[in-house]
Amino acid sequence: MVHHILLDVVLSAEPAHQGGGGFVEGIVAFFKEGGPFMFVNIFWLACAIAVIIERIVTLMFRYNLNAPPFMEQITKLVLTGNPDRAVKLCGAAPNAPLAKVIRAGLTRANRGELEVAKAVEESVLENTPHIAARIPWLWSLANIATLMGLIGTIVGLIGTFKSLGNVPADQKQALLSKGISEAMNNTAFGLGIAVTCIIFHLFLTAYAKRMIETVELNAMKLENLLSRRQAGETSAMDYEKAS
């Protein structure tokens with residue numbers, strides 16, 4: 001088969017004197033013994049890795065914004081009568097959902113409390129779904145990898161038991177050992193992918209939940225701040241006293 005030929009080429013290309021050769025050969029042998037369904041699960045593993053990397057880069061770098069100092073600066077600018085500068089500050093982090101939500105409220109600060117509330121709510125509903133996007137895929141990929149591993153296990157065992165009736169007695173032990181190895185390798189690989197997906201699903205879900213809660217909390221704080229500012233309950237002097 002094609003995949004057996006490719007693996008033989010990889011094995012023959014590995015220098016025997018390299019220190020890590022034994023590990024690499026073990027990995028290649030693991031996949032070779034597992035049969036074709038191992039390569040099907042490699043595709044699902046690649047999908048899972050792509051989702052994990054994309055979400056980590058997006059959440060921890062593109063969307064990341066240190067909320068306490070950011071909101072402190074926004075509060076200072078609003079109370080000192082510089083909402084335009086506050087809007088420009090939000091523009092310094094154009095990808096961060098928190099900055100987008102705060103900017104939406106600030107741009108309507110002079111249109112009344114109701115307009116600010118509508119703008120903030122609309123922006124929250126628009127931006128927060130992007131935070132948790134694609135994370136649920138990891139749970140589905142975990143289930144798919146597990147099932148593909150089980151299919152590989154069953155197919156390997158079926159093929160093995162079918163072949164046992166057509167071989168001499170002295171070869172049955174070797175054939176049975178090979179079939180069980182193929183079955184167990186598929187199970188182990190599928191479960192390994194599933195565990196990886198579940199771990200990152202839990203981590204990314206918790207991280208995204210905290211980020212969404214931060215956006216919603218600070219959106220409410222902005223609404224209250226602008227409402228009090230419009231009602232004349234706060235001023236630059238109040239900010240200086242609090243500082």
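Here is a short chat about why some features of this predicted model get the labels they do.

Visitor: What should I keep in mind about the numbering and the model?

Guide: Residues are numbered from 1 along each chain as its sequence is written, and side-chain values use heavy atoms, with hydrogens and water left out. Since the model is predicted, local features need pLDDT of at least 70 and side-chain atom pairs count only at pLDDT 80 or more, while totals for chains, interfaces and linings use all residues.

Visitor: Why is Phe 61 called exposed?

Guide: Exposed means over 50% relative accessible area, buried under 20%, and partly exposed in between (1.4 Å probe, protein chains only). Phe 61 comes in at 61%, so it counts as exposed. Phe 61 sits in helix 3; helices here are DSSP runs of H or I with at least four residues, numbered from the N terminus.

Visitor: What makes the pair of Phe 31 and Phe 189 edge-to-face?

Guide: Rings of Phe, Tyr and Trp (its six-membered ring) pair if their centres lie within 6.5 Å; planes under 30 degrees apart are stacked, over 60 edge-to-face, and the rest tilted. For Phe 31 and Phe 189 the centres are 5.0 Å apart and the planes at 80°, so edge-to-face it is. This pair links helix 2 (residues 21–34) with helix 9, 158 residues apart.

Visitor: Are Phe 31 and Phe 189 buried or exposed?

Guide: Phe 31 has a relative accessible area of 16%, so it is buried. Phe 189, at 11%, is buried too.

Visitor: Why is the pair of Phe 203 and Tyr 207 called tilted?

Guide: The centres are 6.2 Å apart and the planes at 40°, so the pair is tilted. Both residues lie in helix 9, 4 residues apart, about one turn of the helix. Phe 203 has 37% relative accessibility, so it is partly exposed, whereas Tyr 207, with 18%, is buried.

Visitor: How do you know that Arg 55 forms a salt bridge with Glu 54?

Guide: A salt bridge needs a side-chain nitrogen of Lys or Arg within 4 Å of a carboxyl oxygen of Asp or Glu. Here the closest N and O atoms are 2.8 Å apart. Arg 55 is buried, with a relative accessible area of 1%, while Glu 54 is partly exposed at 27%.

Visitor: What makes Glu 54, Arg 55 and Arg 134 a network?

Guide: Glu 54 also forms a salt bridge with Arg 134, with the closest N and O atoms 3.1 Å apart. Glu 54 lies in helix 3 and Arg 134 in the loop between helix 7 and helix 8, so the pair ties together parts that are 80 residues apart in sequence. With Glu 54 bridged to Arg 55 and to Arg 134, the three residues are linked in a network.

Visitor: What stands out about the phi of Arg 134?

Guide: Phi of Arg 134 is near 70°, a positive value in a residue other than glycine. Arg 134 has 32% relative accessibility, so it counts as partly exposed.

Notes:
Helices (H or I, at least four residues) and strands (E, at least two) are DSSP runs, numbered from the N terminus.
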